[in-house]
Amino acid sequence: MSPNPSGGLREMEGESAMRHGTWFNTFATEGGAQNLPAETREELARLDNRLFEIWNLGDNVLLGWTHSAGELLILSIRHYTIPESVHAEADNRGGMRDAPRFINDVLSGPKYLEPAEFERICRSFNCKPEAVRVNFRIDNKRLAALVSDMVRCYGVSLVRNRAVVLLDAVEFSLQPPLDQMAMLNSLAYSVNSAYGQLLSKDIRIDFARTTTGDGFYIWNRATTAEANTELYKLMMMILADNAVAQRKSRSSWVPKLRAAFHVGEHYEFHQVEGLNPTNFSYIVGQVTVDLSRMVDCALPGQILLGDFATQTGGNGCERLIRHDTGDFVENTAATLDQLNGLDISGGRISNIRCYLTGRSVGGGHYQVNRYHLRDKHGTTRTVYNAKINIHRGTAEPIFLGIRGDDLQDFNASRVEAVSRDAAVT
């Protein structure tokens with residue numbers, strides 16, 4: 001038998017409970033529950049066991065929760081209800097009104113719902129919530145956030161306006177299996193090393209990754225205003241570590257990379273492993289489709305950015321400001337002094353420049369080239385070519401990406417120049 005995650009708590013019986021206890025122990029450590037009183041931890045473990053039962057090995061999806069009269073109310077639906085509701089409306093067979101927008105609003109919203117909103121959503125899905133009695137009060141944000149995180153592990157979330165990076169190992173499929181394993185290990189080390197470097201500058205990225213087979217999708221779970229910029233910095237440091245490793249390597253085990261960065265929406269969920277949801281997540285959505293098609297067109301060593309727009313402000317006190325890809329790169333470039341002093345293989349960063357390639361037209365103005373790519377399905381996407389130059393004191397500089405003048409082999413269906421009003425810094 002295995003003890004409950006709080007240590008010294010009641011033992012859990014049965015093989016499935018033992019595995020589930022191990023999973024919750026990981027969640028409790030990473031989710032910040034380890035410093036709570038033992039009684040509260042035990043109640044959270046019991047709650048998680050109940051959520052596990054409601055989830056029923058993935059047959060149900062947990063959408064949200066609320067609390068009333070000492071009970072937690074859990075909203076769950078069968079896993080096929082979401083696509084069936086959407087397709088029913090599309091096929092004019094009834095379904096809930098405006099199902100895609102309604103469902104996406106639920107999936108992108110908070111897991112904790114005010115009682116009136118919770119009841120409205122229950123009625124929309126024509127389902128009765130599960131009541132769970134607990135011996136603690138949801139009287140602070142920390143406990144409420146922990147419960148929401150637990151519910152999220154058994155559900156699906158739609159995330160909007162989040163940056164995602166795709167790192168792809170060039171000619172990965174042509175390598176023997178042992179070499180493929182070594183290449184992925186090398187890339188994983190570069191990811192972890194870059195993350196450690198940013199932590200030393202107090203840049204705390206709640207990053208997650210999932211393998212594509214020949215690379216990784218990487219995203220930042222943080223919801224701060226700087227989250228997308230910090231992910232771009234993480235990409236820079238990963239590519240820099242990989243580039244230096246390539247220089248030093250005497251074998252093909254350090255992969256040549258091509259990279260794509262884009263902002264969009266995706267669904268995040270936990271797959272089932274054995275009897276439990278995994279404690280790491282997966283993503284699928286339009287942003288992952290776009291990234292995959294972008295990187296298929298990229299040259300070895302190239303860095304592509306999607307054509308995206310994000311918004312800041314608009315909370316009633318601030319003016320809504322729209323930022324496009326060019327604005328994003330310029331704003332990121334203005335913060336790169338933060339990385340000065342970081343050590344990359346014996347050379348400390350003294351200066352970093354990042355920019356989209358194009359040409360200067362004089363007078364403090366320049367143009368950025370925008371490339372139109374047509375994929376194998378006939379869909380056209382717009383991308384930008386990015387460069388990153390890292391200078392390291394007396395050490396050899398690191399030049400990432402491909403210069404605009406060297407893109408003769410880049411298979412773009414059309415190229416247009418877009419004027420910018422500020423000079424590249």
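Me: Which residues does Ser148 touch, not counting residues up to four places away in sequence?
Reply: Ser148 touches Trp65, Lys111 and Tyr112, where contact means heavy atoms within 4.5 Å. Before we go on, this is a predicted model, in which local features need pLDDT of at least 70 and side-chain atom pairs count only at pLDDT 80 or more, while totals for chains, interfaces and linings use all residues. Residues are numbered from 1 along each chain as its sequence is written, and side-chain values use heavy atoms, with hydrogens and water left out.

Me: Where does Ser148 lie, and is Ser148 buried or exposed?
Reply: Ser148 lies in helix α6, residues 141–153. Helices (H or I, at least four residues) and strands (E, at least two) are DSSP runs, numbered from the N terminus. With a relative accessible area of 10%, Ser148 is buried. Buried means under 20% relative accessible area, exposed over 50%, and partly exposed in between, using a 1.4 Å probe and protein chains only.

Me: OK, new topic. How many residues has the largest nonpolar core?
Reply: There are 50 residues in the largest nonpolar core, and Ile218, Tyr232, Phe261 and Ile388 have the most contacts inside it. Helix α8 (residues 227–248) gives the largest share of this core, 11 residues. A nonpolar core is a set of buried Ala, Val, Leu, Ile, Met, Phe, Trp, Tyr and Cys residues joined through side-chain atoms within 4.5 Å. Another core, of 23 residues, lies apart from it, with Leu62, Trp65, Leu143 and Tyr154 among them.

Me: And what does Ile218 touch?
Reply: Leaving out residues up to four places away in sequence, the residues that Ile218 touches include Val164, Val191, Phe207, Leu231 and Ile238.

Me: How many salt bridges are there in the whole structure?
Reply: A search finds 24 salt bridges. A salt bridge is a side-chain nitrogen of Lys or Arg within 4 Å of a carboxyl oxygen of Asp or Glu.

Me: Show me one! How far apart are N and O for Glu43 and Arg46?
Reply: The salt bridge between the side chains of Glu43 and Arg46 is 2.4 Å, N to O. Both residues lie in helix α2 (residues 38–55), three residues apart, about one turn of the helix. Glu43 is buried, at 7% relative accessible area, whereas Arg46 is partly exposed, at 31%.

Me: Which residue forms a salt bridge with Arg50?
Reply: That is Glu130, and the closest N and O atoms are 3.2 Å apart. This pair links distant parts of the chain, with Glu130 in strand β3 (residues 130–133) and Arg50 in helix α2, 80 residues apart.

Me: What about Asp59 and Arg78?
Reply: Their side chains meet in a salt bridge too, at 3.2 Å, N to O. Asp59 lies in the loop between α2 and β1 (60–68) and Arg78 in strand β2 (residues 71–78), so this pair ties together parts that are 19 residues apart in sequence. There is also one network, where salt bridges that share partners join Arg162, Asp206, Arg221 and Glu268.
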